[in-house]
Amino acid sequence: MKLLKNSNALILSHFSIRTTEGGGPPQEIRDYLLPKIKRLYYIEHPFPYAKDHRSSMIIYEEGILKKQIYSFKNFGPEGLFYILDIFITFYFLIRAWTRFDLCIALDNLNAVSVLPFKKLGIVRKLIFYTIDYTPNRFKNKILNNIYHLIDRIVCYNSDVIWILSERMIIARKENKVSPKKSAKSILLPMGANLSRIKVLPIEKINRYDIVFAGILLEKQGIQLILKSLPKIISKIPKVRFIIIGQGAYEQTLKKLASSLNVNNHVIFEGFVKDHKDVENILSRSAIGVAPYIPSSDNYTFYTDPGKPKLYLGCGLPVVITDVPAIARIIEAKKAGLIADYSPKSFVLALVKLLSNDMLYEEYRNNAISLSKKYNTNSLISEALDKTN
């Protein structure tokens, strides 16, 4: 799809923490589009667990932020919370009072909310960007069935579907999405913005720093690294574990670090507002960890998480569980190691890379090489080219 300089585009997404400097899929698409079009409207809604319960619409003109409009604070139980998002989107689009040449909606709820505008011709092309998908999105069966009903409706009424992983196509078929009725799926995996990242020479990194970056949730498996630390410390006394991010599991992790007596080796950076600063911390570290819990309800199995790609882009070999598809690629390219979800397995993998300089340098060079396949701007450009 060719975007003209006088085009108007719309992005709809959800957020956990409000920031204009984030490095997630919606922000990367926004930053890619800003210099290429006339106006961009960026609508984002809070997840129920976000601290800020206001939705907002940011209007950019010629790449410059011109205006930000906020809604009332959203409220109510999870189901009502998401339903209100639809009406807030209606409100923002009426306020915008313009036609959109392109709309990229991240998740099915955002996509279904603009279908009436597509029918009216206000939205000319709708891209449904599926950044996460799981057969068991909600524990409540009624909510889960509604989620998949909405997903089918959007698949059948969008112009194109962008997916992170081929596993999503298989999962959708199993959830009664008809390939004949569905819009074409185009692969747009997660990546890293290599034009923004400065990879440091190996002699300038902190050779014994392990790092995690992301939302602090139990399913991310950070607790496993903490439980592995006492044995790692006994073999690599200079090791440090840097944790970037915040979330519902943060206090539990801090208590666990204290109970294991590893506080002197753990640094909780908290939420880092500017993604450039996150990338700088990662670039100074030695190894990135992604210890996803291998459970049936972990949507990471069906998606393509950005964390491993970000690690690779910053020059970090990755130690990862065999949950996302990227884990096998990382292992095959010797850009990292797959570990079982156990302290023993992570201790072996991490000590192997921390103690063997020659092996570490080989894996680091392979990580940098592999990252070039996942350059965010190139991936977005390719997906747009395939979007007719």
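**Helix α1 and its partner**

Guide: Happy to, and please keep in mind that this is a predicted model. On the α1 side, the contact is made by E28, I29, Y32 and L33, which meet T376, N377, I380, S381 and L384 of α14. Sorted by class, the residues where α1 touches α14 are five nonpolar, three polar and one charged.

Now for the geometry. Helix α1 covers residues 25-33 and helix α14 residues 376-386, and their axes come within 10 Å and cross at roughly 75°. Angles of 65 to 115 degrees count as roughly perpendicular, and α1 and α14 are therefore roughly perpendicular to each other.

The spacing along the helix is worth a thought too. An α-helix has 3.6 residues a turn, so residues three or four places apart point the same way. With that in mind, look again at E28, I29, Y32 and L33, the α1 residues that meet α14.

How much of α1 is covered? The buried ones are P25, P26, Q27, E28, I29, R30, Y32 and L33, where buried means under 20% relative accessible area.

L33 belongs to the largest nonpolar core, which has 129 residues, and together with W162, F241 and L282 it touches the most other members.

Notes. Residues numbered from 1 in each chain as written. Predicted model: local features only at pLDDT ≥ 70, side-chain atom pairs only at ≥ 80, totals over all residues. Heavy atoms only, no water. Axes fitted to C-alpha atoms, helices over the stretch in contact; angles between N-to-C directions. Helix = DSSP H or I, 4+ residues; strand = E, 2+ residues; numbered from the N terminus. Parallel < 35°, antiparallel > 145°, perpendicular 65-115°, else oblique. Contact = heavy atoms within 4.5 Å. Nonpolar A, V, L, I, M, F, W, Y, C, P; charged D, E, K, R; others polar. Buried < 20%, exposed > 50% of the residue type's maximum accessible area, 1.4 Å probe, protein only. Core = buried A, V, L, I, M, F, W, Y, C linked by side-chain atoms within 4.5 Å.
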